[in-house]
Amino acid sequence: MIIAVLVAVEVISAFETSMVYAAIPTFIAEFHSDAATVGWAVTAFLLVAAASAAVCGRLGDMYGRERVLIVLLCAAAVGSIVSAVGDSIGWIIAGRAIQGVAGAILPLCIGLAREHLPASRVPVAVAIISGSAVAAGSASLLVAGVLLDHASWHMIFLVAAVYAIGAIALVVFVLPWRRPTGTKETVDYVGAVAFVPAIAAVLLGVNKSTAWGWTNPATLGLVLGGVVALVLWVFWELRTTSPIVNIRQFSNRKFALTMLATFAISIGPIGVTTMIIPIVLQSPTTAPFGLGLTPTNAGWLSFAGSMFGFVCTPLSGRIAAAVGARTSMLIGSTLFLIGNAMLFVFHDSVVGMMIMVITVSVATAFAYTALPNLLVEAVPEHSTSEAAGTNAVIRTGGSGIGVSIATMILASTALSSGANTTSGLTAIVVMLSVASLAAIGFTLLIRRGKANAA
């Protein structure tokens, strides 16, 4: 029952994360915009999700994960309503930023699983909960596609709001609650608030560099200002007695290598592949690349492929329990590398893209479920949500950076008509391949076998 509830609750986080990917082509046409601008509907969500995961992972450890979960689900519902009633891309981005708090749901669910379940069942439970995001993410593409074809993009956000309200009822009436133990620790709100604008400034500067030019004072001011703010943020976190991101944990070799592998895989395939696949599937056949599928058919293809990945999630957990999550991560990263090559070769074939989607879905299942299990192996139980929150900061922040770079590449290489080009797609494939190789390298540096830090 506990696993079923946590899976159902995590679905809203995955749905909030992925549903807009299917709508990117619609938003570009509806608001006469470009990929770089519309991409901020994804980037804004991911940046807020990164800060939310850091803050709420710690708050969950301190004051009770169930209570924090209720607050997050309420905020996700409000953000969905804001996007639904909006009539411009600005309103959508604003609502998506509010929805970004849902990024902390997974760390809290992992902490609750470890809190309520026997230790022997935790690896598989964590894999199933994390893996549900794989299936739910692709299911959201299907649901969004059907709504785009037969209703309106507004309905995407209304459905998300209704589901969030249903998830609140599950947490309140079904999930077992435990009395918080209490704590004297303070929350590092300064660190949490400073992180998002620092990253956002760098990304906005890079995003606008094509239009403004790299020598433009506004571009340099945003990029350099953001980098300086990030450096100051690191110093603040090191000097704070109760930091929002415990940077000192990086002295733990396994923790540090897991975070580096997380960043590499997030800035590459985990973050970008979900965005680029709907664009390839839905772009018209008259464009330099594209299969001309409707949003519904593209959603069905992605959903069918993702089921192969979801079936593999328990296998990833069993491998982690038997020989360590390092092996699962290596399998996932290698499959991502293969999937990147397939994207380059099969982008003009429906059957080829189906095989590519299956490969990437299985890769996501292994990598996405290996990361939290690597953390479970590296940290004690009472720090689980904090470590998972830090990992979510790296994962969602990396995804936001990757999506921003990828949309900038598409926008800068697009034709005057706005159609994306094969040169832009090739550049993205190279970016994904380099990131996958880096993830493999960092994972190989992790020592073999299961850690005993817990």
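At 48% relative accessibility, W300 counts as partly exposed, a class that lies between buried (under 20% relative accessible area) and exposed (over 50%), with a 1.4 Å probe and protein chains only. W300 sits in helix 12, residues 295-323, where helices are DSSP runs of H or I with at least four residues, numbered from the N terminus. The C-alpha atom of W300 is 8.4 Å from that of G145, although 155 residues separate the two along the chain.

A word on the model before we go on. This is a predicted model, in which local features need pLDDT of at least 70 and side-chain atom pairs count only at pLDDT 80 or more, while totals for chains, interfaces and linings use all residues. Residues are numbered from 1 along each chain as its sequence is written, and side-chain values use heavy atoms, with hydrogens and water left out.

Let's turn to helix 8. Its 21 residues reach 32 Å from the first C-alpha to the last, close to the 30 Å expected at 1.5 Å a residue; that expected span is 1.5 Å times one less than the number of residues. Which residues of helix 8 are buried? They are W153, I156, F157, A160, A161, A164, A167, I168 and V171. These residues cover an arc of only 130° around the axis, so they lie on the same side of helix 8; the arc is taken from the directions from the helix axis to the C-beta atoms. On the face turned away from this buried side, helix 8 carries the exposed residues V162, I165 and F173.

F173 belongs to helix 8, which covers residues 153-173, and has a relative accessible area of 69%. Together with M1, V172, V174 and W177, F173 forms a nonpolar surface patch with about 530 Å² of accessible area. Residues in a patch have over 30% relative accessible area and no salt bridge; nonpolar side chains (Val, Leu, Ile, Met, Phe, Trp, Tyr) are joined within 5 Å, and like charges within 9 Å. A salt bridge here is a side-chain nitrogen of Lys or Arg within 4 Å of a carboxyl oxygen of Asp or Glu.

The structure holds six aromatic pairs; rings of Phe, Tyr and Trp (its six-membered ring) pair if their centres lie within 6.5 Å, and planes under 30 degrees apart count as stacked, over 60 as edge-to-face and the rest as tilted. One of the pairs is F27 with F31, which is tilted, at 6.1 Å centre to centre and 40° between the planes. F27 is buried, at 0% relative accessibility. For W153 and F157, the ring centres are 6.2 Å apart and the planes meet at 85°, so this pair is edge-to-face. Both W153 and F157 lie in helix 8, four residues apart, or about one turn of the helix. Ring pairs link F27, F31, W153 and F157 into a cluster.

A435, in helix 16 (residues 422-444), is buried at 8% relative accessibility, and its C-alpha is 9.1 Å from that of A261, 174 residues apart along the chain. S361 is found in helix 14 (residues 350-378) and is buried at 8%; the C-alpha atoms of S361 and G339 are 9.3 Å apart. A387, in helix 15 (residues 384-413), has a relative accessible area of 0%, and its C-alpha is 8.6 Å from that of V376.

Terms used:
Areas by Shrake-Rupley, 256 points an atom, 1.4 Å probe, with all protein chains shown as cover. Helix = DSSP H or I, 4+ residues; strand = E, 2+ residues; numbered from the N terminus.
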